[in-house]
Amino acid sequence: MTFNGTWKVDRNENYEKFMEKMGVNMVKRKLAAHDNLKITIEQTGDKFHVKESSSFRNIEINFTLGVNFEYSLADGTELSGAWTMEGDTLKGVFNRKDNGKQLTTIRTIQGDELVQSYNYEGVDAKRIFKRS
């Protein structure tokens, strides 16, 4: 239950390049870099309830580890995939519905930070969150 809590984005690394590779237009990339994203994670066994709130949208997601589900990114990109737990790491492997390409997201706790790492077509990025 390491991930339980509310996390507010603190900083990004290579996030704009990642969004560009994902096909997000320049205006949306500029706005997304300052979206004030806050994530609340509640884990009960292998079930997760995640609330995401930002300047652009509020969404709640429920998922069970290892079970495929569908999800839309803030820019409207639709994905299908699943989260798994590998040790203390949450790993999400998702396929885009529009082109079938894979997006991998990894969440780890490092000290008092939640580090969310992304990889899409060879471009890596990170969003680092602090407990709020």
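A residue counts as buried when its relative accessible area is under 20%. Keep that cut-off in mind as you read these close-ups of a predicted model.

**View 1. Thr77 sits in a loop, yet it is buried.** Look for Thr77 in the loop between strand 5 and strand 6. Its relative accessibility is 10%, so Thr77 counts as buried. The side chain of Thr77 also has a partner: a polar contact of 2.8 Å joins it to the side chain of Asp75.

**View 2. Strand 5 and strand 6 make a hairpin.** Between the two strands of this hairpin there are 5 residues. In the turn you will find Gly76, which has a positive phi of about 95°. The strands run antiparallel and are joined by 4 bridges. With a relative accessible area of 13%, Phe69 is buried. Now follow the chain from Phe69 to Trp83: these residues are 14 apart in sequence, and their C-alpha atoms lie 9.1 Å apart in space.

**View 3. Strand 6 pairs with strand 7 as well.** Here 8 bridges hold the antiparallel pair together, with strand 7 covering residues 89-96. Ala82 has Val93 in strand 7 as its bridge partner. These strands form a hairpin with 2 residues between them, and Gly87 in this hairpin takes a positive phi near 65°.

**View 4. Strand 3 and strand 4 form another hairpin.** In this hairpin, 4 residues lie between the strands. Strand 3 and strand 4 run antiparallel, and 7 bridges join them. Find Phe48, and opposite it you will see Phe63 in strand 4.

**View 5. Strand 1 meets strand 2.** Strand 1 spans residues 5-13 and strand 2 spans residues 38-44. They pair in the antiparallel sense over 4 bridges. Thr6 has Thr40 in strand 2 as its bridge partner.

View 6. Rolling a probe the size of a water molecule over the atoms shows where empty space is left. The largest pocket has a volume of about 670 Å³. Its lining is made of 32 residues, and those nearest the centre are Tyr15, Arg57, Tyr71, Leu73 and Ala74. Which element gives the largest share of the lining of the largest pocket? The answer is helix 1, with 4 residues. Other elements that each supply at least two residues include helix 2 (26-32), strand 3 (47-53) and strand 8 (102-110). Sorted by class, the lining has 22 nonpolar, 3 polar and 7 charged residues.

How values were computed
Residues are numbered from 1 along each chain as its sequence is written. This is a predicted model: local features need pLDDT of at least 70, side-chain atom pairs count only at pLDDT 80 or more; totals for chains, interfaces and linings use all residues. Side-chain values use heavy atoms; hydrogens and water are left out. On a 1 Å grid over the protein atoms alone, a cavity is a set of points where a 1.4 Å probe fits but cannot get out, and a pocket is an open set with protein on both sides within 12 Å along at least five of seven lines; lining residues have an atom within 4 Å of a point. Grid points are joined across faces, edges and corners, and a volume is the space filled by probe spheres set on the points. Ala, Val, Leu, Ile, Met, Phe, Trp, Tyr, Cys and Pro count as nonpolar, Asp, Glu, Lys and Arg as charged, and the others, Gly among them, as polar. Two strands pair if DSSP finds at least two bridges between them. Buried means under 20% relative accessible area, exposed over 50%, partly exposed in between (1.4 Å probe, protein chains only). A polar contact is a pair of N or O atoms within 3.5 Å; within protein, one must be able to donate a hydrogen and the other to accept it, and residues adjacent in sequence count only if both atoms are side-chain atoms.
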